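Below is a short note for the file.

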Amino acid sequence: MDTLSYLGQGFGVALSPYNLVTALTGTLIGTVVGLLPGLGPINGVALLIPIAFALGLPPESALILLAAVYLGCEYGGRISSILLNIPGEASTVMTTLDGYPMARNGLAGVALSLSAWSSFIGALIATCGMVLFAPLLAKWAIAFGPAEYFVLMVFAIVALGGMAGDKPLKTFIAALIGLFLSAVGIDANSGVYRFTGDSVHLADGIQFVVLVLGLFSISEILLLLEKTHHGHQAVKATGRMLFNLKEAASVFVVNIRCGLLGFVMGVLPGAGATLASAVAYMTEKRMAGEKGNFGKGDPRGLAAPETAIGASCCGALVPMLTLGVPGSGTTAVMIGALTLYNITPGPLLFEQQPDIVWGLIASLFIANIMLVILNIPMIRIFTRILAVPNWALVPVIAIITAIGVYAVHATTFDLFLMVGIGIMGYILRKLDFPLSPILLGFILGGLMEQNLRRALSISNGELGILWSSTISLSVWALTISMLTLPLLRIWRKRSLQRRAMADA
Amino acid sequence: MILQRIFALALLAVCAALAVMAWPYQAAFSYEPVGPRAYPLLMLGLMGLGLLYLVFRPTPIVRKDDEPELDRETLTKISACVGLLIVFASTFEALGFILSSILIGVPMARLYGGRWLHSFIVVACMSLFLYWLFDRVMDVPLPLGLLSVLEN
């Protein structure tokens, strides 16, 4: 029952007027940011870190703000995929499949509110799962020593590649770039300056915000240059804005199923919203069979990915809060924000700062409710934002990005570094490398090195400590199975091809 | 394919250079078995292995429909945009936030197909508004630069 009283305490924190206003502002900003092409949850959260810090928000409010922005961005991405058929980011690709046809059939308002409702249920299921499992996981995680942590991080990186599916090797390379970049700067243990090129500005290492904004905002600006278009004509959202009970009832089972699925996928490191939405959509499509109207505006086809996205977003917070290991690009950014406040996420966070953890969990409930309520009166205004042409948008994005970077250290060196990282990010994107593994690697890198060195200090250089306990052995086993996953997939594909060749 | 090979080779060369750079990293006095050198070398080594594989067996790039081939025109535009960003970074403190963002914002809006007058109005208003919002309301200090004479 401890959990319930903590949750009550969390609601006390989240329901304070100050934090309520913070959550409302966060959801509004997030929705607008998510709507705009070229800005996703990662940029949205990263831009707000220096601002939240400069505003002097207390840590729990800052975290609530960032979480609200995160949810708002996911919601905003949905609007552009339903009304424009342009997915704001990878995870909402599945939403366009049935959301856009629904909007074309004159059900734009219904589609929007139904998707908000689905994602609310998904988030609700995941939040309940979090309330149930996170404290247990946190208790269990205290048994983790440095060696176990190191193995866990190896697992997280490997899982990222194994889950990424079509391009495991590029995912690994991207993650390794991030892992390496985290080593730049002064080494805390020995005081040796590494890879700084005698520059004072790099002594602290590469600033996280600079890396994120360079990789994501600047490269996106350059990508937008390739497809200059002058705003989009959105499908007009007219008629009924709210779904009716019959529609809600028809997708309810889908909601529950996909919510559970999304939560599990969100907790796994590396899987995240993109995979969760794809799996949810495919499963539901198969289950509906011939009777389904999938691809032509079936409400279930809209509800399935949306529920899964909502659930996996909240699920991704579980490994972040309990183990300090981020499960997605956006949670990696949130860990970066926490470290700015000198808070180390991990098992002890639940005991030492319950206000922060439970306040965050409670504010997720509240932010989700706010999003459903905001949807109805604001949708017309939001659709108007979609009509902003690129020429007006891009310079503003560039300027705001520069402010975000400058706010961290107030040096122009960071601005140059941001441009350099942006060019690198653009090249990587053109060559089909995924970018969020770089972020995850960057966040995990420092922790990984520290834990490895600590573990080997304990054993006096004996490597055996890395596989001496049952926990580490089982995590190694998981890692190896993850490594073989892409190989198995390739092998299966080849044997299928061979069979097709034999048939022909 | 060929681009990918070139990129992998270039990154491989960078890895090698960084490894050479990392070689002399040694703690002056040490009380732990793993020095500051091991971890970066391990990462660079693994990255090198992955890149070597990529050199010999590049994975095909899946091209999306809405991404046209890179042509000369786009490349010029991209380099112009990068140039503008660099100008922005170098004039940020000297000219001050407002002036430098107008200086690069207007040409940038032109690059994305805006008209001169429209671009100027939007960018000028936005940079004034953003300065007011961040510097005055949200306490994120931004440089005033040349305009600092106007203050007080």
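1. A crossing is called left-handed if the near helix is turned anticlockwise from the far one by less than a right angle, and right-handed if clockwise. Helices (H or I, at least four residues) and strands (E, at least two) are DSSP runs, numbered from the N terminus.

2. This is a predicted model, in which local features need pLDDT of at least 70, side-chain atom pairs count only at pLDDT 80 or more, and totals for chains, interfaces and linings use all residues. Residues are numbered from 1 along each chain as its sequence is written, and chains are lettered from A and ligands numbered from 1 in the order in which they are written.

3. Chain A has 20 helices and two strands. Its radius of gyration (over C-alpha atoms) is 22 Å, close to the 23 Å from the globule rule (2.2 Å times the number of residues to the power 0.38) for 504 residues, so chain A is as compact as a globular protein of that length.

4. In chain A, 60% of the 504 residues count as buried (20 or more other C-beta atoms, placed from the backbone, within 10 Å of the residue's own).

5. Helix 7 (residues 168-181) of chain A packs against helix 2 (residues 38-56) of chain B at about 155°, with the axes 9 Å apart (lines fitted to C-alpha atoms over the stretch in contact, angles from 0 to 180 degrees between N-to-C directions). The pair is therefore roughly antiparallel (over 145 degrees). The crossing is left-handed.

Methods: A residue is buried if 20 or more other C-beta atoms lie within 10 Å of its own, exposed if 12 or fewer, and partly exposed in between; C-beta atoms are placed from the backbone. Angles under 35 degrees count as roughly parallel, over 145 as roughly antiparallel, 65 to 115 as roughly perpendicular and the rest as oblique.
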